[in-house]
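These are my notebook entries on a predicted model. I record below what I looked up, entry by entry.

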Amino acid sequence: MTLATEKQTNRTFVYSERWQMFFASPMTVAAATWLVFVILVAIFGPALVGDLANKQALLMRFAPPFQLEKGFQFILGADSLGRPVLLQLVMGAQTSMLIAILSVGSSSVIGSTLGIISGYFGGWVDNILLRIADIVHTIPSILLALVVLFILDPSITNLVIVLGITRIPVYLRTARAQTAEVRQRTFVEVAQAMGASDWRIMTKEIAPVVIPTVRTLAMLEVASVILAAASLTFLGIGLQRPTVDWGMLVADGQAYLETAWFVAVFPGIVIVLTALSASLISNWLRAVEDPAQNILFLSKPKKKRSESK
Amino acid sequence: MVTFLRGRLLSGAVTLIGVVVMVFFLARLTGSPIDLFFPEGGTEAQIRAFEQAYGLDQPLYKQFLIFLGNAAQGDFGDSIWQQRPAMEAALSEMPMTLALAGIAMVVSVVTAVILGSIAAAYRFRRPDRIITILSLIAGSVPVFWFAIVSILIFAIQLQWLPTSGSYSWKSWILPVATISLSPIGVLTQVVRGAMIDVLTSGYVRNARARGFGSLRLIFRHSLRNAALPIIAVAGDIAASKLNGAVIVSVVFAFPGIGRLIVGAIMARDFPVLQASIVLVGLAIITLNLLIDIIYMIVDPRVRLS
Amino acid sequence: MTFSAQILRTSAIAILAVAGMSSAYATPIDPAITVAVAVEPDSLDSCDTQPAQNANIARGNIYQSLTHVKPEDGKLEPLLAESWSQTGDLVWEFKLRPNVKFHDGSAFDAKTAAANVMRTQAGFEIDGKATACLNSGQIPEPVQAEAADDLTLRVTTTHPDPILPLRFSYIDIGGMETQKTAQKTTRPVGTGPYRFVERIQGQHIKLTRFDDYWSEAPQVKDVTYVYRSDPAVRAGMITAGEAQIATAISAQHATKDDRTVEFKDNRIVLYRLRHDKEPFVDPRVRQAVSKAIDRDTLVEVLMGRTGGPWYQMLGPQVNGYISNFDSSSLSFDPDGARELIAAAKADGHDVETEFLIVTKTDLFPGSNEFVQAIAQYLQEVGLKPRILSIEMTAWRTYLRQPFPEGQQSNMLMISHDNTSGDASFSYPRYITCKGTNSSTCNTEVDRLIKEADAAQADQRAQLYQEAAKILHLDEMTMEGVAEQVQLMMLGRGINYKPNPLTGIEILISDVTVTD
Amino acid sequence: MSVLLDIRNLSVNFDSRRGTVSAVRNVNFSVAQGESVALVGASGSGKTVLSRAIMGLVDEPGHVTGSILFEGEQIVGKDENELRKIRGLGVAMVFQDALDGLNPVFSIGSQLKEIFTVRMGFSGTEAKKRAVALMEQVGIRNAKERYHDYPHQFSGGMRQRICIALAVGLQPKLLIADEPTTALDVTVQAGILRLIKSLQAKTGMGMIFVTHDLAVAHQISDRIIVMYNGDIVEEGPTDTVFRSPRHPYTQALMAAHPGRVRSWRDLAPIPDEFVTDGPGEGVISSGPSVAAALN
């Protein structure tokens with residue numbers, strides 16, 4: 001009886017511990033709130049906003065921000081064609097999230113899988129995979145972008161393909177390096193000695209160690225993917241209007257930085273906030289899973305403790 | 001060591017050939033320089049003359065074989081747009097690229113190691129939070145945006161630094177800052193993570209129990225261990241800077257092979273593109289070799305396996 | 001007394017000296033200037049001066065041509081040729097200026113001129129190697145050039161070509177050494193007021209005053225050209241004093257004072273419709289496209305001082321321009337446009353087919369927004385446009401005949417300039433059935449242009465204008481949207497009056513410096 | 001025998017946003033010079049936290065109250081710099097995770113040498129001589145050749161021997177051995193225990209041997225302290241405790257111990273109320289993450 005209740009408490013304890021850790025950090029809460037908000041906006045926003053976002057009103061060109069008399073949609077000002085910056089951000093949220101999630105997702109999964117395989121088996125498998133990674137890494141991504149967007153179409157899918165392929169080597173090398181290191185730890189040796197299959201060792205023993213690193217990297221990559229898409233737009237080979245992503249808004253707006261700062265600055269802030277949030281969540285996840293860290297994560301701000309002296 | 005080097009050289013050669021093959025065919029998928037060359041439409045005779053001059057009248061596989069044959073003898077052909085051998089064009093940009101990438105990497109690694117170590121030492125406390133937020137922001141600022149804003153502020157408003165060009169040491173400041181910004185952000189996070197891992201490890205705790213001071217703990221018992229993931233990520237970033245840094249080149253009009261490559265892609269100047277890629281490939285392969293050697297020096301487990 | 005008088009005298013001398021110095025300062029001797037341009041030149045060879053980025057540095061500074069278009073009135077004036085005449089249906093003779101020296105010290109003569117004309121035409125072989133010159137397009141039909149005597153150049157054409165002297169204003173003359181090889185030169189040698197000093201690819205080109213120049217020596221001694229692709233940086237270099245002349249300035253970076261100067265180079269923003277594909281098969285839809293676009297608002301808001309509304313293909317200084325053109329059938333009338341579309345639809349035309357608006361990113365500064373605004377105007381009258389903004393090579397596949405099989409119906413955005421003043425540099429290529437850049441095929445237009453090409457002066461202009469009327473009132477496949485105005489910025493103390501040719505030649509000899 | 005270590009009213013608490021967790025509560029005991037004390041208890045009972053408190057290794061957010069007198073010197077409240085002087089030379093510790101205990105990027109020799117050069121100020125050659133001698137002392141054969149080897153070339157048992165060498169090399173007055181054999185094979189365990197025992201006999205250092213294994217405790221200690229849930233529940237000379245355990249928890253431990261019975265049929269299960277789910281769960285008072293964090 002005692003045992004049963006105690007076990008019960010234990011389980012709820014473990015769950016609530018994460019939540020406690022979550023709520024213990026206001027930054028994490030803010031980051032998660034922002035991400036959830038952005039994802040909700042990405043899912044529902046475009047449908048709600050409809051055509052209003054891309055509706056040009058030349059006479060509203062560069063309407064200044066923080067003025068309500070023109071309607072709430074103009075609270076962040078209007079761009080060079082008089083489109084409300086706020087609604088453009090809403091439309092951009094969907095594209096940017098799609099690009100970020102799909103390309104980071106695909107490249108991190110493919111890259112780290114290959115990296116674990118490469119690091120675990122070593123030998124010729126390792127050699128071939130590393131050579132391919134080297135080749136992809138050496139080819140300028142802009143050439144790849146140009147080829148794909150020249151032969152195919154400048155669509156979101158193709159952009160995801162370009163950005164995904166070019167980022168695979170980063171994950172591959174990271175995962176490989178860590179796998180090679182983890183492989184030599186005793187628990188892997190023990191598992192091997194106990195006759196566990198390669199697949200089992202890779203998924204049960206190595207992956208759990210590699211994943212946090214990859215995830216930290218992936219969360220940081222969210223930012224760089226959004227920015228890479230923006231750079232392609234800046235160099236003139238990105239997405240096409242009326243599809244907008246945040247990077248395109250920054251790229252388009254930067255020509256007017258001196259005259260209408262808000263057109264480039266608000267999308268820039270949104271990109272920075274989103275990337276920041278992704279990384280903060282990644283830090284939190286890392287802390288939750290690493291017992292050595294979570295106690296510190298939970299610790300109250302340091303105070304002078306006279307009583308212990 | 002000899003076997004190691006031989007293996008490396010072999011795999012480097014394989015990579016290089018792979019890259020050249022890929023680039024050769026990828027580039028030709030983007031159309032022909034003829035479309036660009038005659039601004040307002042040329043006659044058949046003109047186009048044929050042009051094709052002949054650059055060997056574009058041959059079937060693709062023949063073009064490739066000719067290219068391979070010549071390249072093996074060190075002849076990468078003449079640039080279509082620039083009136084000089086393609087390799088000369090590529091070589092002339094390389095020193096600046098190496099210098100810029102090198103300086104930027106030193107700046108980023110040093111900054112990141114300092115900031116990341118402080119953050120790890122004060123993990124989850126205020127200095128850590130501040131450094132983490134700042135480094136994440138640094139990694140999230142669009143590069144071209146930062147470049148333009150920094151020109152507006154430092155060159156045009158304050159007139160402390162030149163807007164562009166590469167004439168004095170002052171003109172290096174903004175490009176280096178722009179290139180280093182995002183690596184600093186990423187690397188600081190990596191350093192922080194690696195340092196936390198090491199600082200919470202058994203051997204550092206043991207060393208502490210032996211009564212060693214904190215400087216010794218950090219510099220002898222932690223840094224070298226933490227260096228491994230840092231070197232891996234820094235190496236990848238450095239490699240991307242070798243053929244990247246395009247935007248910095250474009251905005252600051254700073255010389256560099258990245259800009260040459262983009263220009264060659266846009267102008268379909270295949271010989272220059274191929275020669276540049278070979279150089280960049282060589283640089284990246286050398287870089288990877290260096291990283292492997294550093295790895296071997298730092299980590300005995302790699303050395304002995 | 002004497003003492004104070006002495007002081008007075010000394011200070012008077014000092015003041016005079018200072019005044020003298022400052023007056024000497026007012027017209028600096030041998031000033032050096034830096035010019036910030038947008039794009040690095042591809043080539044400094046005399047046969048490659050056709051694109052603006054090459055021409056702006058080489059033309060008129062390093063190289064000169066036999067004839068020259070006067071920027072003020074578009075009339076042809078002598079330059080390296082003192083006079084010319086047609087001696088037969090197909091034969092022209094140019095009397096060349098004597099005592100002209102190239103920068104390498106060699107003399108300019110008919111042999112050199114003939115070699116330049118021949119080398120410029122692509123396909124001409126030297127030592128079994130072919131050259132491919134960018135200027136070759138200026139001579140569409142092969143001509144034969146030879147030296148009749150030292151200073152007489154004889155040119156034989158394959159067809160009658162009344163504007164051959166005008167064409168020769170685009171053939172720049174390089175030194176004989178550079179003409180002997182198929183290789184493009186990297187050390188250009190010409191007859192112009194500036195000689196080439198050095199070029200570091202990717203960084204700069206330096207020129208200096210040529211001491212043995214045949215005409216008046218210019219004031220500016222040294223010129224450095226640098227390339228800055230970002231308009232904000234180019235403008236900033238003027239503000240920061242790093243450059244004295246900056247070209248291709250965007251409206252938003254322009255200053256309101258006289259440091260920013262304007263010029264028109266007969267450059268028009270055009271659209272071209274594929275009339276062989278829906279929805280543009282019916283001419284009523286093509287007319288509706290023009291009526292859907294509110295050029296006045298569009299141009300005023302988005303281009304500001306860099307443009308004006310426009311309804312024709314050519315600029316006002318070209319002989320194919322219709323001076324009293326009634327554009328009312330093309331001007332903004334969305335309801336009218338909708339009616340036209342409805343009528344076409346009623347006749348079974350598929351007006352709801354999606355089509356591309358094809359543009360390139362560097363069409364002109366801010367062109368992407370311009371195109372987006374056009375797309376919205378077209379949407380509002382019920383058409384289904386989709387924007388495709390691509391880079392040059394891809395864009396060219398839409399511009400050039402033959403169009404690839406299965407290419408989607410499109411409206412192509414073009415920025416076209418004609419600095420020569422003659423429509424033959426535009427119409428044959430753009431609106432005839434066989435024109436490489438044409439989507440129009442109207443036999444009447446073809447006939448008029450063919451006649452015009454062989455005609456002279458007023459008759460020539462009239463025939464071109466008649467063709468233009470058919471284009472703009474019946475065909476409506478190639479319509480102007482805006483006349484472009486170029487901006488450039490000048491540093492303090494720099495005097496330069498831009499002209500219609502500034503887009504393709506910035507003569508440093510026209511620049512004076514005061515301070 | 002004079003008192004080496006004297007602990008009075010020692011508590012270790014961990015502050016967290018979900019409340020204060022006390023890992024050690026009001027503990028009193030002392031260790032005499034040359035005495036060997038076994039600290040026995042289940043995982044999470046607070047014995048590891050207690051031993052770390054003696055080393056001054058309890059970090060934020062943990063904090064220590066009460067008094068730890070080592071040779072009459074108060075350890076509680078000392079700053080890192082003062083603690084550094086006591087660590088290694090005064091109190092040394094061997095940890096249970098032998099495999100993570102040595103820095104993988106330095107050779108065994110250089111790590112051993114370091115304690116002599118840095119902590120005792122010996123010259124390089126002298127330190128090396130001592131390091132080799134120390135390796136021999138802990139039973140590494142071919143010590144000279146193996147001096148330049150790296151940790152990953154050593155087996156687990158050998159690595160723990162090196163860790164022990166690193167702890168005893170400075171000839172501390174008190175050695176805390178925190179389950180030094182748990183991570184090792186059974187066959188290796190006995191050797192390590194023998195080594196520790198002999199080293200202690202040779203140097204005459206005091207020892208606190210932390211273990212959950214009663215047989216080990218019996219073999220190695222003069223006195224036993226039993227901890228349960230952060231409290232000391234029983235204390236006494238080893239033989240006495242073994243002969244007549246007073247506290248029910250101790251009795252339960254005894255009954256469950258295979259070494260005490262002749263046949264497996266005699267094994268009694270530990271009653272439910274003492275059952276813990278192994279490291280990391282069960283005993284809320286010390287908290288799973290605390291235990292994990294400090295191990």
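**Entry 1**

Does C:Cys441 count as buried, partly exposed or exposed? I looked up its relative accessibility, which is 45%, so C:Cys441 counts as partly exposed. The cut-offs that matter here are under 20% for buried and over 50% for exposed. I then turned to C:Cys433, whose relative accessibility is 24%, so C:Cys433 counts as partly exposed too. A disulfide joins C:Cys433 to C:Cys441, with an S to S distance of 2.0 Å. I read the torsion about its S-S bond as about 95°, so this disulfide is right-handed.

I next asked how many disulfides the structure holds over all chains. The count is two. I noted the other link between C:Cys47 and C:Cys133, where the distance from S to S is 2.1 Å. The torsion about the S-S bond of C:Cys47 and C:Cys133 is -75°, and the link is left-handed. This pair connects distant parts of the chain, 86 residues apart. C:Cys47 is in the loop between strand E1 (32-37) and helix H2 (52-58) of chain C, while C:Cys133 is in the loop between strand E8 (129-130) and strand E9 (143-149) of chain C. Both C:Cys47 and C:Cys133 are buried. With the bonded cysteines of chain C numbered in sequence order, I wrote down the pairing as 1-2, 3-4.

I also checked one cysteine in chain D. The relative accessible area of D:Cys163 is 6%, so D:Cys163 is buried.

**Entry 1: chain B as a whole**

I looked up the secondary structure of chain B and found 15 helices and zero strands. The C-alpha trace of chain B spans about 85 × 60 × 30 Å along its principal axes. Chain B has 305 residues, and 61% of them count as buried. I recorded an accessible surface of about 11,500 Å² for chain B, with 70% of it belonging to carbon and sulfur atoms. Of the contacts in chain B between residues at least 6 apart in sequence, 72% join residues at least 24 apart. For the charges, I noted 23 positive and 15 negative in chain B, and their mean positions are 24 Å apart.

**Entry 2: B:Ser79**

Where in chain B is B:Ser79 placed? I found B:Ser79 in the loop between helix H4 (60-72) and helix H5 (86-121) of chain B. Its relative accessibility is 3%, and therefore B:Ser79 counts as buried. I then asked with which side chain that of B:Ser79 makes a polar contact. The partner is the side chain of B:Asp269, at 2.6 Å. Setting aside neighbours within four places in sequence, I listed the residues in contact with B:Ser79: B:Tyr54, B:Arg84, B:Pro85, B:Ala86, B:Asp269 and B:Val272.

I located C:Ala344 in helix H9 (residues 334-346) of chain C. C:Ala344 has a relative accessible area of 0%, so C:Ala344 is buried. Leaving out neighbours within four places in sequence, I noted that C:Ala344 is in contact with C:Asp282, C:Arg284, C:Val285, C:His349 and C:Val351. I also compared C:Ala344 with C:Ile322: they are 22 residues apart in sequence, and their C-alpha atoms are 29 Å apart in space.

The buried residues of H5(A) run from A:Ile142 through A:Leu143, A:Leu144, A:Ala145, A:Leu146, A:Val147 and A:Val148 to A:Leu149.

**Entry 3: backbone exceptions**

Most residues other than glycine have a negative phi, and most peptide bonds are trans.

I found a cis peptide bond between C:Glu278 and C:Pro279, with omega about 10°. C:Pro279 lies in the loop between strand E17 (267-273) and helix H7 (283-292) of chain C. I also recorded a cis peptide bond from C:Gln401 to C:Pro402, where omega is near -10°. C:Pro402 is in the loop between helix H11 (392-399) and strand E21 (410-417) of chain C.

For phi, I noted A:Phe62, a residue other than glycine with a positive value near 55°. I placed A:Phe62 in the loop between helix H2 (26-49) and helix H3 (85-121) of chain A. D:Glu71, not a glycine, has a positive phi of about 50°. I found D:Glu71 in the loop between strand E4 (62-70) and strand E5 (73-74) of chain D. The relative accessible area of D:Glu71 is 41%, so D:Glu71 is partly exposed.

Note on methods
Residues are numbered from 1 along each chain as its sequence is written. Chains are lettered from A and ligands numbered from 1 in the order in which they are written. This is a predicted model: local features need pLDDT of at least 70, side-chain atom pairs count only at pLDDT 80 or more; totals for chains, interfaces and linings use all residues. Side-chain values use heavy atoms; hydrogens and water are left out. Helices (H or I, at least four residues) and strands (E, at least two) are DSSP runs, numbered from the N terminus. Buried means under 20% relative accessible area, exposed over 50%, partly exposed in between (1.4 Å probe, protein chains only). Contact means heavy atoms within 4.5 Å. Accessible areas come from the Shrake-Rupley method with a 1.4 Å probe; for residues, only the protein chains shown count as cover. Lys and Arg count as positive and Asp and Glu as negative; His and the chain ends are not counted. The place of a charge is taken as NZ of Lys, CZ of Arg, CG of Asp or CD of Glu. A polar contact is a pair of N or O atoms within 3.5 Å; within protein, one must be able to donate a hydrogen and the other to accept it, and residues adjacent in sequence count only if both atoms are side-chain atoms. A disulfide is a pair of cysteine sulfur atoms within 2.5 Å.
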